[in-house]
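Subject: Structure for your review

Dear colleague,

Please find below the structure that I am handing over to you.

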Amino acid sequence: MQETHPAPAPRPRWRRDVALFLAGQSVSLIGSSVVQFAIFWHLTLETKSGWVIAFSTFFGFLPQAIVSIFGGVWADRHNRKWLIIGADLSIAATTIALAVAFMLGRTDLWLFYGALAIRSVGAGIQAPAVSALIPQITPADQLLRVNGLNSSIQSIAQVGAPVIAAGVLAAGGLQSAFYLDVVTAVIGVAFLAAIPLRAVDRASQPSDTGYLTDLRAGLRYVARTPLLRFLVGYFALIMFLAVPPSFLTLLLVARKFGDTSWYLMANEVAFGLGMTAAGVLVAVAAKRFNNRLMLAAWGGVGLAVTTVALGLVGNFPLYLIAMALCGATVPLINTPMFTIFQEQVPHDMQGRVFGLIMIIMTLALPIGMAIIGPIADRISVEALMCIGGAATLVAAAWGLRRAVQLGDRVSAPVADAP
């Protein structure tokens with residue numbers, strides 16, 4: 001049986017702390033998503049170029065991968081709350097600078113690439129801290145439920161963000177989206193600041209070790225644990241193969257159905273609605289999902305099937321249904337996998353492990369787009385969707401086989417006795 005590392009005794013006001021954290025992160029996410037959608041839509045509609053989308057993805061994710069190497073170590077060494085707050089405020093400052101440049105009439109591509117890169121650096125600091133903070137304030141037996149709730153809340157924000165982005169672009173232009181991001185970042189920081197939180201005790205690592213020593217310790221822990229090795233490998237494959245439905249759907253919609261922001265908004269809303277429904281399902285029925293590995297593996301099968309469907313359907317309403325079903329696979333994959341990491345990894349090492357996950361996540365997407373983006377200028381996006389879906393099905397079949405082999409190594413923690 002794989003050793004688990006349950007959370008400490010529940011905090012006296014853990015429900016209040018979790019509510020503040022989820023609410024603040026959701027508000028901040030709305031602003032960040034509005035800006036992200038607005039920038040990608042602006043570049044997509046202005047250029048309709050696979051190369052531009054590829055470069056945008058590269059600058060938007062590669063810096064996060066580089067910084068995450070150290071961001072995970074910082075999350076284990078320092079107070080995670082203040083790391084998140086500092087990253088949020090830095091991203092807001094970058095958005096203000098881009099708004100000023102835009103107001104002065106500067107719309108060069110390098111400005112957008114630079115802003116995406118700086119925002120990505122902030123995300124590299126923030127993301128490992130956020131993932132590691134959740135088990136720090138949540139009882140062990142509530143992790144899957146809270147992660148499912150977090151997924152659904154974020155999905156609701158993702159549904160609202162493209163609607164807001166389309167409205168903001170129509171009413172006030174791209175600059176208005178920048179200002180909205182700053183306001184929501186300040187609100188998110190205020191919510192998080194109200195949560196009392198200290199840095200974790202570094203029980204498994206001496207306090208005088210260096211950053212590289214800490215990083216190597218986290219990597220060795222993953223490498224010598226069969227369950228974690230499988231999860232990391234499976235997650236890397238799925239992230240790489242999820243590039244077509246994640247980023248090329250914007251080009252598919254613009255080229256095939258309509259090149260206005262409202263078509264792009266419908267694309268994102270459908271995906272977000274599917275994520276929301278699946279996130280609610282996981283949160284409500286958390287106790288029924290005893291085998292988290294099988295849930296993640298079957299989610300990969302669903303991603304494969306719906307990716308192929310996106311490439312085959314020729315009717316926009318049917319396309320939106322397929323997009324919603326594709327979105328529903330995201331919580332079915334991510335929520336159980338992140339919950340397993342939170343349950344199995346010691347709390348003073350979770351920042352480094354989630355830093356590794358963020359590196360995989362952020363490298364897989366730009367590498368995938370660097371390969372697939374230029375190809376999308378030569379062959380149809382529909383063909384790429386079918387090829388990507390078929391490859392995902394092969395990866396999901398491997399995931400199912402390994403889930404059967406490793407399933408008895410994962411046990412969901414039970415509630416502490418009163």
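Which residues have the most contacts inside the largest nonpolar core? They are Leu231, Tyr319 and Phe341, and the core to which they belong has 89 residues. Helix H12, which spans residues 316-344, supplies the largest share of this core, with 10 residues. Please bear in mind throughout that the model is predicted.

Leaving aside neighbours within four places in sequence, Phe341 is in contact with Leu228, Leu231, Val232, Gln350, Val353, Phe354 and Ile357.

I turn next to the charged side chains. In general, side chains of opposite charge can pair when their charged atoms come close. The structure contains three salt bridges, and I describe each in turn.

Arg16 and Asp17 form one of them, with their closest N and O atoms 2.8 Å apart. Are these two residues buried, exposed or partly exposed? Asp17 is buried, because its relative accessible area of 3% is under the 20% limit for that class. Arg16 has a relative accessibility of 30% and so counts as partly exposed.

Another salt bridge joins the side chains of Arg119 and Asp181, at 2.8 Å from N to O. This pair links distant parts of the chain, for Arg119 is in helix H4 (residues 109-137) and Asp181 is in helix H6 (residues 174-193), 62 residues apart. Arg119 is buried, at a relative accessible area of 10%, and Asp181 is likewise buried, at 2%.

The remaining salt bridge is between the side chains of Lys256 and Glu382, with a distance of 3.7 Å from N to O. Here too, distant parts of the chain are linked: Lys256 lies in helix H9 (residues 243-256) and Glu382 in helix H14 (residues 381-406), 126 residues apart. Lys256 is partly exposed, with a relative accessible area of 31%, and Glu382 is partly exposed as well, with 22%.

Thr184 is found in helix H6 and counts as buried, at 7% relative accessibility. Which residues does Thr184 contact, leaving aside its neighbours within four places in sequence? They are Val27, Ser28 and Gly31.

Four residues of the patch, its largest share, come from helix H13 (residues 350-375). Phe240, by contrast, lies in helix H8 (residues 226-241); with a relative accessibility of 30%, Phe240 counts as partly exposed.

Yours sincerely,
A colleague

Technical notes:
Residues numbered from 1 in each chain as written. Predicted model: local features only at pLDDT ≥ 70, side-chain atom pairs only at ≥ 80, totals over all residues. Heavy atoms only, no water. Salt bridge = Lys/Arg side-chain N within 4 Å of Asp/Glu carboxyl O. Buried < 20%, exposed > 50% of the residue type's maximum accessible area, 1.4 Å probe, protein only. Helix = DSSP H or I, 4+ residues; strand = E, 2+ residues; numbered from the N terminus. Contact = heavy atoms within 4.5 Å. Core = buried A, V, L, I, M, F, W, Y, C linked by side-chain atoms within 4.5 Å.
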